[in-house]
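Q: Could we go through how the helices pack here, and then have a look at the core?

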Amino acid sequence: MLKKLRTPLFLALLIPALLALTDFLTPIDHVFWNVRHKLNQHQANGSTVIVELESDSDHPDSDTVAAPRLARVLEQLRPQMPYRVYVDAPVKYGTDAAGDRLLAETIRSFGSGVSLVVRGQTVGSLGHTFTLRDFRMPPKALSDVAPIVVSVWNGNFIDYAVSSPYSVNIAGRDYPTFAASLAGKYSGLQDTFEPDFLVEPDTIPKVGERMLLSGSYTPGLLTGRTIVVTQSQNVPTIGYYGKGRIHPLAVDIAGASGLAKPISLSLGQLPLLIISWLLIRAGSRADSRKSKFTLHALAVFAPFVFAPALQLIGVTVDTGAAFLSLMIYGGARAWQLRVRRVQHTSTSGLPNLLALRARSETKLSGISGLA
């Protein structure tokens with residue numbers, strides 16, 4: 001039994017299966033998905049429009065927006081009858097009583113149509129538990145007039161977004177995540193969901209603050225859409241497959257796109273590993289050389305076909321274990337063939353067994369011919 005487990009075939013299954021329990025295979029998955037999304041991304045569906053606040057000329061390094069200024073932007077949005085509005089910018093609240101009252105009144109005029117986005121200060125690791133220390137919560141006076149959603153993402157070893165929970169419990173209260181709120185889907189088959197990195201961030205509709213206030217944008221662009229009022233300065237970036245490090249709002253919109261698919265499910269490393277290994281096993285036991293080549297070729301192409309195809313319906317399967325299995329089996333078999341060649345030829349310094357065999361077969365055929 002132990003001898004069988006040391007064969008290339010079984011090593012190609014056992015080693016990747018054990019490493020799938022660790023983070024060792026994450027770099028392989030990162031390279032695969034980053035290249036895959038560089039090659040093919042599609043246009044955003046246009047249901048979400050970004051209204052981007054400009055940098056404050058008086059305070060260019062400020063990461064907050066003044067209450068009167070935000071109230072003015074919201075007032076311009078209300079006649080356009082948006083479906084919902086999210087304020088994705090910390091509000092400077094409590095320093096201007098009149099401005100604070102104006103903002104509160106403006107938010108109330110939308111009914112329940114305005115929400116505040118509170119972003120996590122760091123990218124979490126898988127299994128990370130977010131707490132109150134991870135957020136800059138708005139003052140109670142502001143949260144009383146607008147519900148809060150939080151934006152949090154778990155990242156890989158270089159902080160590329162990989163998943164987000166549907167909700168986060170902070171100080172005993174559950175807050176929905178921003179992407180889940182955008183999609184209107186607050187639970188699923190698993191506790192977390194993954195973004196749809198096939199969305200090209202550059203195609204998300206945007207309207208600048210000046211364009212909004214002057215009305216110089218396409219008529220009807222904001223009507224019936226989800227509007228996100230945001231600012232880009234002083235916001236920590238996050239990794240987005242196929243694009244690099246960008247504003248995290250793009251990941252939130254990609255997360256909503258992922259939740260819009262028929263299913264949201266992550267199956268990990270094992271499914272593709274098993275498929276590739278079974279094809280390798282079938283190829284190693286095939287009788288004809290043609291069958292061996294066909295089955296081994298299918299094993300090589302399986303990760304490149306199954307992973308992108310399943311992604312289209314919202315199912316994510318990781319490829320690292322499958323690729324490692326192929327490398328282990330291919331490398332071991334290549335080494336075995338080299339050793340066999342050395343043993344059977346004069347390369348080893350011993351008699352050339354293949355030449356001797358060919359010579360003996362020639363002699364036997366000559367003898368049989370004389371007979």
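Helix packing and cores

A: This is a predicted model, and in it the axes of helix α2 (residues 8–19) and helix α10 (residues 270–285) come within 10 Å and cross at roughly 170°. Because angles over 145 degrees count as roughly antiparallel, that makes α2 roughly antiparallel to α10.

Q: ok, and which residues in α2 and α10 meet?
A: From α2 there are L9, F10, A12, L13, P16 and A17, and they meet L273, W277, I280, R281 and S284 in α10. By class, the residues of this contact of α2 with α10 are nine nonpolar, one polar and one charged.

Q: what about α4 and α5, at what angle do their axes cross?
A: The axes of α4 (residues 67–77) and α5 (residues 97–109) cross at roughly 25° and come within 8 Å, which makes α4 roughly parallel to α5. In passing α5, α4 forms a left-handed crossing.

Q: and who makes that contact?
A: On the α4 side A67, P68, L70, A71, L74 and E75 take part, and on the α5 side G99, D100, L102, L103, T106 and I107; the residues of this contact of α4 with α5 divide into eight nonpolar, two polar and two charged.

Q: switching topic, how many residues has the largest nonpolar core?
A: The largest nonpolar core has 52 residues, and those with the most contacts inside it are Y86, W153, F178, F193 and Y240.

Q: what does F178 touch?
A: Leaving aside residues up to four places away in sequence, F178 touches Y86, V117, R119, V149, V150, S151, V228, L249 and D252. There is also a second, separate core of 39 residues, which includes V51, L74, A104 and L116.

Technical notes. Residues are numbered from 1 along each chain as its sequence is written. This is a predicted model: local features need pLDDT of at least 70, side-chain atom pairs count only at pLDDT 80 or more; totals for chains, interfaces and linings use all residues. Side-chain values use heavy atoms; hydrogens and water are left out. Axes are lines fitted to C-alpha atoms, for helices over the stretch in contact, and angles run from 0 to 180 degrees between N-to-C directions. Helices (H or I, at least four residues) and strands (E, at least two) are DSSP runs, numbered from the N terminus. Angles under 35 degrees count as roughly parallel, over 145 as roughly antiparallel, 65 to 115 as roughly perpendicular and the rest as oblique. A crossing is left-handed if the near helix is turned anticlockwise from the far one by less than a right angle, and right-handed if clockwise. Contact means heavy atoms within 4.5 Å. Ala, Val, Leu, Ile, Met, Phe, Trp, Tyr, Cys and Pro count as nonpolar, Asp, Glu, Lys and Arg as charged, and the others, Gly among them, as polar. A nonpolar core is a set of buried Ala, Val, Leu, Ile, Met, Phe, Trp, Tyr and Cys residues joined through side-chain atoms within 4.5 Å. Buried means under 20% relative accessible area, exposed over 50%, partly exposed in between (1.4 Å probe, protein chains only).
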